[in-house]
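Let's take a walk through this structure, starting with the spaces inside and then moving on to the parts around them. Keep the model open as you read.

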Amino acid sequence: MSMAGTIKPRSPEELRQAVEWALNEGTTLDVRGQGSKLALGKPMDCGQVLDLSGLSGIVDYAPEELVVTLRAGTPMRDVEALLAQRNQMLAFEPPDLGPLLGREAGQGTLVGAVMGNLAGPRRLSAGAARDHLLGFSGVNGRGEIFKSGGKVMKNVTGYDLSKLLTGSWGTLAVLDEVSVKVLPAPDQTRTLLLHGLTDEAAVTAMCTAMGSPHEVSGAAHAEGLSALRLEGVAPSVEARLKGLRDLLADAGARMEELDTLESRAFWMDARDVAPFVELPEAVIWKISCPPTEGAAIVRRIKAQRSAAKALYDWSGGLVWIALPASADADHAIVRGAIGTTGGHATLIRAPEAVRAAVPVFQPQPAALAALASRVKESFDPKRLFNPGRMG
């Protein structure tokens, strides 16, 4: 285990020793799995890289119990390939943001997706990454090994650890192993495409579809094309597809259907924000908001930045925005457009100098920021892990 520049532990005990060493030396750690999301967040200046790629591999897979346990550095592609052999899947569809961030596809880790609480189009019906996390073990910033459901960390009794760690971007603790819930993959996937709807009409159609009994598992829209996904066994999918067509007959859109193979490719592109990968110079924002507010937020942004492009997912509750490059990523315009809707915006892609200058994550109200600081104090009092990444 090298202590020069990069520390690469090969076992949970080596991981604990590495954190203990950093604690004793007063050295900060840039925690990374495969490094696919390095360009997301504030730039960091850490004393050492803690490379978790040596902690890789499937620990246990019980298909009949719908559980897979794996080490922190295991690439997502390995997990997905394993599950596909048994016709199972990660229901929350973790996106591969690597290509959007200038990396190769398939490099990210499942633990990285969990730490970012990242979920794809099925988020509406299947829940967030945190909802699929069954258990985990790791090391806190005091150099103590902990397990969820086992030893509770000193001074953090009462916290829901999975809720705290998902979305923390590696700033609270370093995980070495996780167990996640898996589900059977659907036999059939069909997509109903609606052509020609405005953003507002599309959001109305998507919300109508999601609120129907037809079990829609994906609702996305971009540039006049809206998509609704149905999954399951063939007879059920066919019946629900007909019901959905009838439900939306008055929407004023031309309708088209995609079969299973076409649908899988379409929704993978939606999951990974593939259209924006083709805009390498653009600044990319991700906005989470109430679905009914998405179109209005985009309209307010376009009123000031007419070149803005928008992709809607989650019925309009997740909006990806591409803007022309600028010195401040137009963060005041984006966050101003959200206003008091209860939404929040994250700067997903921008040059390092821009990310250093503007708030990448939505600024927190004072009370919430104080709570976050107390949580950080409990987990990582010396600020060892990814200091400054979240601002």
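A cavity here is a set of grid points where a 1.4 Å probe fits but cannot get out. One thing to keep in mind as we go: this is a predicted model.

With that in hand, how many cavities of 30 Å³ or more does a search of the whole structure find? The answer is two. The largest cavity comes to about 290 Å³ in volume. Its lining is made up of 23 residues, and those nearest the centre are Val31, Arg32, Gly33, Gly112 and Arg389. As for elements, β2 (29-32), α3 (110-115) and β9 each give two or more residues to that lining. By class, the lining of the largest cavity splits into 10 nonpolar, 10 polar and three charged residues.

The second largest cavity has a volume of about 40 Å³. Its lining consists of Pro95, Ala119, Gly120, Pro121, Ala270, Arg271, Asp313, Leu318 and Trp320. Here the elements with two or more lining residues are α8 (260-271) and β17 (318-323). Sorted by class, that makes six nonpolar, one polar and two charged residues around the second largest cavity.

Now for the open spaces. The largest pocket holds about 1,500 Å³ of space. It is lined by 46 residues, with Gly167, Ser168, Phe361, Gln364 and Met390 nearest its centre. Which element gives the most to the lining of the largest pocket? That would be α13, with seven residues. Besides α13, the elements α5, β15 (283-288) and β18 (344-349) each supply at least two residues to this lining. The class count for the largest pocket is 23 nonpolar, 15 polar and eight charged.

The second largest pocket has a volume of about 680 Å³. Of the 32 residues in its lining, Glu80, Met89, Glu93, Met268 and Arg271 lie nearest the centre. α2 (76-85), β6 (88-89), β13 (225-232) and α8 each give two or more residues to this lining. The lining of the second largest pocket divides into 13 nonpolar, nine polar and 10 charged residues.

Strand β9 turned up at the largest cavity, and we can follow this strand into a sheet. The sheet is open, with five strands in the order β4-β5-β9-β7-β8 and antiparallel pairing. At its edges sit β4 (58-62) and β8 (145-147), each of which pairs on one side only. Ignoring direction, neighbouring strands in the sheet are turned by 10° against each other on average. In general, strands of a sheet pair through backbone hydrogen bonds, either parallel or antiparallel. For a specific pairing, take β5 (residues 67-71) and β9 (residues 173-181), which run antiparallel to each other over five bridges. Within that pairing, Val68 stands opposite Val180 in β9.

Next, the aromatic rings. The structure holds three aromatic pairs, and we'll visit two of them. In the pair of Phe136 and Phe146, the ring centres are 6.3 Å apart and the planes meet at 80°, so the arrangement is edge-to-face. Because Phe136 belongs to strand β7 (residues 133-140) and Phe146 to strand β8, this pair ties together parts that are 10 residues apart in sequence.

Trp169 is buried with a relative accessible area of 8%, and Phe361 counts as buried at 14%. Phe361 is also among the residues nearest the centre of the largest pocket.

One last stop is Leu248, in the loop between α7 (234-247) and β14 (254-258). Its relative accessibility is 4%, so Leu248 counts as buried. The C-alpha atoms of Leu248 and Ala205 are separated by 7.0 Å, while the two residues are 43 apart along the chain.

Terms used:
Residues are numbered from 1 along each chain as its sequence is written. This is a predicted model: local features need pLDDT of at least 70, side-chain atom pairs count only at pLDDT 80 or more; totals for chains, interfaces and linings use all residues. Side-chain values use heavy atoms; hydrogens and water are left out. Two strands pair if DSSP finds at least two bridges between them. Helices (H or I, at least four residues) and strands (E, at least two) are DSSP runs, numbered from the N terminus. Axes are lines fitted to C-alpha atoms, for helices over the stretch in contact, and angles run from 0 to 180 degrees between N-to-C directions. On a 1 Å grid over the protein atoms alone, a cavity is a set of points where a 1.4 Å probe fits but cannot get out, and a pocket is an open set with protein on both sides within 12 Å along at least five of seven lines; lining residues have an atom within 4 Å of a point. Grid points are joined across faces, edges and corners, and a volume is the space filled by probe spheres set on the points. Ala, Val, Leu, Ile, Met, Phe, Trp, Tyr, Cys and Pro count as nonpolar, Asp, Glu, Lys and Arg as charged, and the others, Gly among them, as polar. Rings of Phe, Tyr and Trp (its six-membered ring) pair if their centres lie within 6.5 Å; planes under 30 degrees apart count as stacked, over 60 as edge-to-face and the rest as tilted. Buried means under 20% relative accessible area, exposed over 50%, partly exposed in between (1.4 Å probe, protein chains only).
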